[in-house]
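Hi,

Here is the structure I said I would pass on.

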Amino acid sequence: MAKFLTTDMFDAYLVEEAIIETFNTFTIDGRIHKDFYKDTSLDPEQIPSGDFSSWGKIRPICLDLIKGKQTPLGFKFVLHLGQEAKEKLLAGVDMDISPDQLNLGINIKLSQGQIIITTGMSTNIFTMDKSAEKAWDEFIPSFLESNGIETDLM
């Protein structure tokens, strides 16, 4: 968990949702509100272009909520792979759909003292093709291992 919260390992992933249970339950919706930036003097390059905030932007907030002497009662983070990384991962995969038509997600959950990581894929069209899902399921264990995170694969 320390690597997830204190390193940039997942910073390029996009946050769909973060729920942290400590003395209160804190819920973060990762969707960017474009109207917030409407009347600012920011350089256009500083205004987020996507729909979701990166884990790198949300991570310090979550770390502040979690750090302390007590372990949180629980948490759940729903992240998904950004477009550029998704296209790179799926470049060599022979599939019936375009990377634009799917999302590759990872859920990281603390429940009853155990961290559970699950992967998932959603599409905006119907397809029986599981090639992208298989590539994603194979990528995550190797990604975690290459970053020094041990897993018990079931």
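Before anything else, a cut-off: a residue counts as buried when its relative accessible area is under 20%, and as exposed when that value is over 50%, with partly exposed in between. Keep in mind too that this is a predicted model.

With that cut-off, let's start with a lysine. K86 lies in helix α3, and its relative accessibility is 2%, so K86 counts as buried. What is K86 in contact with, leaving aside its neighbours within four places in sequence? The list is L81, P99, L102, N103 and L104.

L81 deserves a look of its own. You'll find L81 in the loop between β3 and α3 (83-90), and at 7% relative accessibility L81 is buried as well. Not counting residues up to four places away in sequence, L81 touches K86, and also Y13, L89, L104 and W136. L81 and N103 sit 22 residues apart in sequence, while their C-alpha atoms are 7.1 Å apart in space.

Now for the core. The largest nonpolar core has 31 residues, and F10, Y13, W55, F77 and L79 are those with the most contacts inside it. At least two residues of this core come from each of α1 (2-6), β1 (14-21), α2 (55-66), β3 (74-80), β4 (102-111) and α4 (131-146). Which of these gives the most? That is α4, with six residues.

Next, helix α2. Its buried residues are W55, I58, R59, C62 and I66. Looking down the axis of α2, these buried residues fall within an arc of 115°, so they line one face of the helix. What do they pack against? The partners are α1, β1, β2 (25-29) and β3. Just after α2 comes G68, which takes a positive phi of about 145°.

Last, the surface. M1, I115 and I117 form a nonpolar patch there, and together they have about 220 Å² of accessible area. I115 is found in strand β5 (residues 114-123). Is I115 buried, exposed or partly exposed? With a relative accessible area of 39%, I115 is partly exposed.

Cheers

How values were computed. Residues are numbered from 1 along each chain as its sequence is written. This is a predicted model: local features need pLDDT of at least 70, side-chain atom pairs count only at pLDDT 80 or more; totals for chains, interfaces and linings use all residues. Side-chain values use heavy atoms; hydrogens and water are left out. A nonpolar core is a set of buried Ala, Val, Leu, Ile, Met, Phe, Trp, Tyr and Cys residues joined through side-chain atoms within 4.5 Å. Buried means under 20% relative accessible area, exposed over 50%, partly exposed in between (1.4 Å probe, protein chains only). Helices (H or I, at least four residues) and strands (E, at least two) are DSSP runs, numbered from the N terminus. The arc is that of the directions from the helix axis to the C-beta atoms. Contact means heavy atoms within 4.5 Å. Patches are made of residues with over 30% relative accessible area and no salt bridge: like charges are joined within 9 Å, nonpolar side chains (Val, Leu, Ile, Met, Phe, Trp, Tyr) within 5 Å. Accessible areas come from the Shrake-Rupley method with a 1.4 Å probe; for residues, only the protein chains shown count as cover. A salt bridge is a side-chain nitrogen of Lys or Arg within 4 Å of a carboxyl oxygen of Asp or Glu.
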